[in-house]
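My notes follow in the order in which I looked.

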Amino acid sequence: MDVRKVAHLAHLEITDEEVEIYTPQMNSIVAYVEQLNELDTSDVEPMLGGLTDEGAATFAERPDVPHDSLGQANALKEAPSAVEGHFQVPKVL
Amino acid sequence: MKEGWEAIIGMEIHAQLATETKIFCGCATSFGEEPNSNTCPVCLGLPGALPVLNEKVVEYGAKAALALGLNINETSIFSRKNYFYPDLPKGYQISQYDKPFSSNGELVIMTSERDDSGRAHDWQPMKIHIERMHLEEDAGKNVHEGLPETDKYSYIDLNRAGTPLGEIVTAPDFRSSWQAYDYVNHVRRVLQWVGASDADMEKGNLRCEANVSVRPIGQEKFNNKVELKNLNSVRFMQKAIEFEIARQIEAHESGEGVSQETRLWDEKNNRTRVMRSKEDAHDYRYFPEPDLQPLVVSHAFVESVKASMPELPDAMRDRFMDEFGLSFDDASQIIGERSLAKFYEDAARTSGNPRTTANFVLSEFVRELNNSGKSADQALLTSFELAALVKTLDAGAINNNQAKEVLVEVFNTGKTVAEVINEKGFEQISDVSSIEKIVDDIIQNNENQVTAYRGGNEKLFGFFVGQVMKASQGKANPKIVNEVLKAKL
């Protein structure tokens, strides 16, 4: 388990000590989940979402009709920093 | 291109589908709203909000796919593409990965290299393999200018976040920048034509990226490719590819080599520059989106969309060439826009003179449309009135210059052709008995010439025509004047 790579992908900074701690922990989680591989599921369709009580896929589409949006003030209300109607974030290119 | 080298180009086009609302929520997709006003918990990525697919995305997606010769897959799957960027509030983009909406398309485009003056001279059909078109949501917009302290901060507008896109990916089939240029224009036109997308590059609802590499002719292995972004117009795209081909050939020849990277088109300096190198290449960790079921598209649905599709522009161009005898260039110009093509066809059929109709459409009518910023279906001049004008001209009731003047007047005022001809006093005298009267007078007053003419001096015929025209202040129908004169002399 490359904990450093996982941390990097998740934008987390971790110390060498933490790598020592997390590596065996995460390995054991993966090993636990790997038990599922003992079952032969080669004939089973993957199920990718929920089912209704009758066992049908809960597929839903909606008509292309606008709803009321939150509006600028509400959208920005919880933002840590908002300026002139925009979310403000550290400089990105 | 430098002798001995060939370019390998693949294209990716993101086309915004022409829905009223976003792909997974009911926020409007309207352009130019106050920043962050068209937002809701779904497109802001707030916890617990759930996406629900917009049914029109499926319909427009199907139209786009069919217009591009793609096969629509019965089952496709939405997947999460994971990466961090401030314009992507959820931390993932809902896209499609291993089971896209449509795949395996074959498209024939017309393409031509251009000479130094930018003129196309040899249009040829070219078969393009389109690998796929999948459906996905757009990200928001990063703003880096016009707001406080942009040296320290970036700003985010999420109005665009969740806008539906079709991403169209070709095989690396293009060998020149002009082929790529003609391809993008083809895609833009058919998407507009079938109503799947407004495909307006200026508004950003059609964006393209090009993957470019070069290799010595005969080499089988592909060299490293460069992904070109920030191509804000088809022309910039063509220039960027051209620049990149030359840059890469030089880099290979000098031994410096080409690294796999993303480059931007720098419009100010007319060159490409590095945006990011391969070292920070992404690992997107795609997995099926658990909040959405697989998208199942029935055969019946695909058939109903097929039945609703209009005749595509290239088929129409070929038909106009066949049926109306138009040249490839004229027919291509007429099918540049669907309402223009329809206008032309209606007018050509009503007038019964497709050639003259095409002349008026391609010169005066298109010029007036451009000046007024209107499309053919918004013009005050209807196809019926244009046909009336062509018929009036063909009947000899007005001359060509007068017809042009009438066209402009009808275009600007919406009056009928007959009204304008009347107002301008262009109506020719086509009434035989009135012309006969004038001719009688002239024969009486010019005895010498009449005798000479009857004696064999046929050149004098022009003199009589001139006299009649003068007497009628230019309004006598020349055809009838000729007939009457011949009969009376």
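Entry 1, salt bridges. I count 38 salt bridges over all chains of this structure, taking as a salt bridge a side-chain nitrogen of Lys or Arg within 4 Å of a carboxyl oxygen of Asp or Glu. I note that this is a predicted model, in which local features need pLDDT of at least 70 and side-chain atom pairs count only at pLDDT 80 or more, while totals for chains, interfaces and linings use all residues. Residues are numbered from 1 along each chain as its sequence is written, chains are lettered from A and ligands numbered from 1 in the order in which they are written, and side-chain values use heavy atoms, with hydrogens and water left out.

I looked up Asp283(B) and Lys5(A), whose side chains meet in a salt bridge at 3.1 Å, N to O. This pair crosses between chains, from the loop between strand 15 (271-277) and strand 16 (287-288) of chain B to helix 1 (residues 3-9) of chain A; helices (H or I, at least four residues) and strands (E, at least two) are DSSP runs, numbered from the N terminus. Asp283(B) is partly exposed at a relative accessible area of 29%, and Lys5(A) is partly exposed at 43%, where buried means under 20% relative accessible area, exposed over 50% and partly exposed in between (1.4 Å probe, protein chains only).

I find Glu137(B) in a salt bridge with Lys90(B), the closest N and O atoms being 2.7 Å apart. Glu137(B) lies in strand 8 (residues 124-137) and Lys90(B) in the loop between strand 5 (78-82) and strand 6 (92-96) of chain B, so the pair ties together parts 47 residues apart in sequence. Glu137(B) is buried, with a relative accessible area of 7%, whereas Lys90(B) is partly exposed at 26%.

I then took Asp314(B), which forms a salt bridge with Arg189(B), with 3.3 Å between the closest N and O atoms. The pair links helix 6 and helix 3 of chain B, 125 residues apart.

I note Gly352(B) after the helix, with a positive phi near 75°.
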